[in-house]
Amino acid sequence: MWRRLVSLLLLTGLAACNRGPDLPPVAARAEIAAVEADAANWPSYGGQPSSTKYSALDQINRGNVARLHRVWTWHSGEVSAGSEAVDFTVGELTPIYVNARLYGCTPFGRAVALDPSSGRELWSFDPRKPRSGNMYHENYCRGVAYWQADTAEARAQPCGKRILYAAQNAVLHALDADSGRVCTLFGQGGRVDLAALDYKGEGKPANTSPPAVWGNVVAVGTAVQDNMYRNSLDGIVRAFDIVTGRALWTWNPIPDDLSAVTGAANAWAPLSVDAKRGWLFLPTGSASWDTLGVNRLDRIPDANSVVALDMRTGRKVWSYQTVHHDLWDYDLPAAPTLATIDHKGRAAEAVIQATKTGNIFVLDRETGRPLFPVVERKVPVSDMPGERASPTQPMPLLPRPVTSQRLRTGDAWGLLGFDTAACRSRLAALRNEGLFTPPSIKGSLLHPSFLGGTNWGGLAYDPGSGFAVVNSSNLAASVRLVPRAAFDAKRDVRPGVSYYEMQGSPYVMLREVLMSPLGVPCNPPPWGRLTAIDMKTGETLWQVPFGRLTLSSGITSPAAWGAPNQGGPIVTRGGLVFIGASLDSRLRAYDIQTGRELWQAFVPAPATATPMTFRHTDGKQYVIVNAGGHGGFGTRLSDAMVAFALR
């Protein structure tokens with residue numbers, strides 16, 4: 001009892017004097033130094049709070065990367081190909097390394113700590129989240145966050161070091177980082193039930209990405225069901241006191257006068273933190289319905305935007321919209337990358353935002369203004385009754401798009417003549433006026449597809465070279481708004497077609513990735529790319545096909561074709577880019593200067609996750625990747641996380 005009281009007094013005292021809203025600039029600078037200058041650690045999901053996914057380690061480098069080999073494999077024991085009892089499992093975890101341990105979470109929502117040198121499980125916490133009925137019928141967890149008290153005395157107390165994570169069922173947990181025991185003084189017995197809080201709109205919230213931490217503030221975004229409700233849940237971002245779980249502030253991207261007729265615009269992807277300023281950077285998505293905007297003709301300036309919030313108060317500092325009046329489900333899917341770049345002969349603190357369209361926006365971090373020119377380009381009008389598409393869309397002149405943005409009927413592709421002809425026929429039947437062709441009753445071409453372009457893996461930035469590296473998919477899809485009275489599920493929903501209810505509208509929405517009869521994309525390869533951009537000039541440094549496909553015949557596609565991918569890259573001081581992401585079950589290393597592949601290793605299933613790296617107390621640099629596959633994509637599945645080190 002006495003120890004518990006001492007712990008409570010120390011931690012609540014710390015909360016009172018060091019809570020994020022009152023964090024002094026000196027302490028903020030100390031936090032930057034402690035987190036970003038510690039090369040051995042990978043203390044947050046994106047490597048650093050700034051989401052650069054950069055490591056200053058170079059024990060593994062271009063000269064010796066060929067000597068990497070597998071040193072251990074950890075199995076979560078959690079795999080499901082999908083059933084009524086258990087949803088699909090998806091392997092998207094990027095663990096963190098801090099406190100001389102690896103921390104992560106599993107598809108079924110367990111938080112775990114591992115011995116970094118062996119993969120041995122040290123502790124596990126099971127919140128017993130539902131294994132079925134999850135959003136999109138998938139089980140997954142992308143990562144966790146870490147916090148520690150400022151003083152050694154406070155850190156030595158129970159819960160003086162904490163693991164925080166929000167499970168899929170929208171429950172925020174706080175655990176002791178050393179033992180895995182619940183921090184019972186946080187919230188209600190160690191948890192905050194986010195779903196029980198005041199959300200405006202229809203549906204239920206979920207969480208798909210790790211929280212963001214600054215000082216004694218922890219912030220979480222929200223995932224909502226896409227294309228389901230007219231008045232979907234507003235995409236509220238919430239912040240809590242890390243020690244007590246007390247609510248500090250909320251921020252809603254939906255204007256008050258529109259909250260009754262629309263919702264979403266939520267930040268479901270990972271978040272970033274400028275530790276010096278104490279600013280939280282959000283990538284927001286589309287308002288509901290995602291592909292029909294007749295209910296939201298008024299501007300929603302914080303949808304599809306990079307948004308900077310003050311973590312002390314939740315006050316909006318600025319926002320920059322990357323898609324106006326989104327009708328394509330072109331959410332901002334990745335954490336904004338906070339980097340200092342050489343721009344016009346000066347050091348510029350920038351925000352680099354990857355998008356589903358393949359556009360890369362580079363913004364001034366202080367003001368949100370573009371550092372490279374962006375023009376408002378005229379785009380097609382909508383032919384849907386009552387719809388009013390934006391007449392223009394913002395298009396960066398630099399950097400150039402990292403994926404194709406136009407597909408003509410004559411560009412149709414297939415393995416054989418009949419295969420190409422079938423794709424040509426499918427393209428010819430669609431409305432197709434280029435990028436931002438609005439959805440239609442006839443059916444419209446969506447290129448890049450709703451998968452991107454880029455997705456939640458985002459990009460990595462190397463401050464030594466000034467290069468940003470990003471992977472992208474190159475696919476075409478169709479989107480069709482079918483009058484509800486004419487919809488026939490048995491006729492219209494065939495294999496490969498996704499059906500969305502769009503409750504309250506006169507339509508249901510059907511969309512699919514356009515594939516040939518022989519099972520290849522209907523657009524020309526490469527279907528996946530890896531691109532390096534020189535951020536000093538905005539020019540593409542190199543671009544190479546990325547990934548391989550296994551064709552329906554069982555034959556592996558040529559390397560020049562590339563492949564769709566999910567996950568992201570990391571970069572290191574050793575001159576390397578590490579990336580899984582491809583669906584061919586490989587982890588690869590590339591030379592950041594040239595794009596040449598230097599090494600690859602087979603892993604048990606597609607590594608649809610972003611890797612990470614660290615140096616443990618044994619002096620070794622490790623590279624870790626989760627190789628669980630993606631049940632929703634029908635890939636090979638596994639429960640493995642794999643570690644590599646030099647021989």
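This is a predicted model: local features need pLDDT of at least 70, side-chain atom pairs count only at pLDDT 80 or more; totals for chains, interfaces and linings use all residues.
Let's start with the charged side chains. A search of the whole structure turns up 25 salt bridges, and we'll stop at a handful of them. Find Arg 277 and Glu 366: their side chains meet in a salt bridge, at 2.8 Å from N to O.

Are the two partners buried or exposed? Arg 277 is buried, because its relative accessible area is 14% and the cut-off for buried is under 20%. Glu 366, on the other hand, is partly exposed, with a relative accessible area of 41%.

Now move along to Glu 501, which forms a salt bridge with Arg 484; their closest N and O atoms are 2.9 Å apart. Glu 501 is in the loop between strand 30 (498-500) and strand 31 (507-513), and Arg 484 is in the loop between strand 29 (477-483) and helix 5 (489-492), so this pair ties together parts that are 17 residues apart in sequence. Glu 501 is partly exposed at 25% relative accessible area, and Arg 484 is partly exposed too, at 29%.

One more salt bridge before we move on: Asp 115 pairs with Arg 120, and here the closest N and O atoms are 4.0 Å apart. Asp 115 counts as buried, with 17% relative accessibility.

Next, leave the charges behind and look at the surface. Which residues form a nonpolar patch there? They are Leu 415, Leu 416 and Phe 418, and together they have about 280 Å² of accessible area. Phe 418 lies in helix 4, which covers residues 417-428. With a relative accessible area of 49%, Phe 418 is partly exposed; the label "exposed" needs a value over 50%.

Finally, let's follow the backbone. Where can you find cis peptide bonds? One of them runs from Ser 288 to Trp 289, with omega near -15°. Trp 289 has its place in the loop between strand 18 and strand 19 (305-310). Another cis peptide bond joins Pro 525 and Pro 526, where omega is about 5°. Look for Pro 526 in the loop between strand 31 and strand 32 (528-534).

Phe 436 isn't a glycine, yet it has a positive phi of about 70°. You'll find Phe 436 in the loop between helix 4 and strand 26 (444-446), and at 3% relative accessibility it counts as buried. Ala 581 also has a positive phi of about 70° without being a glycine. Ala 581 is in the loop between strand 35 (576-579) and strand 36 (586-591), and this residue counts as buried because its relative accessibility is 0%.

Key:
Residues are numbered from 1 along each chain as its sequence is written. Side-chain values use heavy atoms; hydrogens and water are left out. Patches are made of residues with over 30% relative accessible area and no salt bridge: like charges are joined within 9 Å, nonpolar side chains (Val, Leu, Ile, Met, Phe, Trp, Tyr) within 5 Å. Accessible areas come from the Shrake-Rupley method with a 1.4 Å probe; for residues, only the protein chains shown count as cover. Helices (H or I, at least four residues) and strands (E, at least two) are DSSP runs, numbered from the N terminus. Buried means under 20% relative accessible area, exposed over 50%, partly exposed in between (1.4 Å probe, protein chains only).
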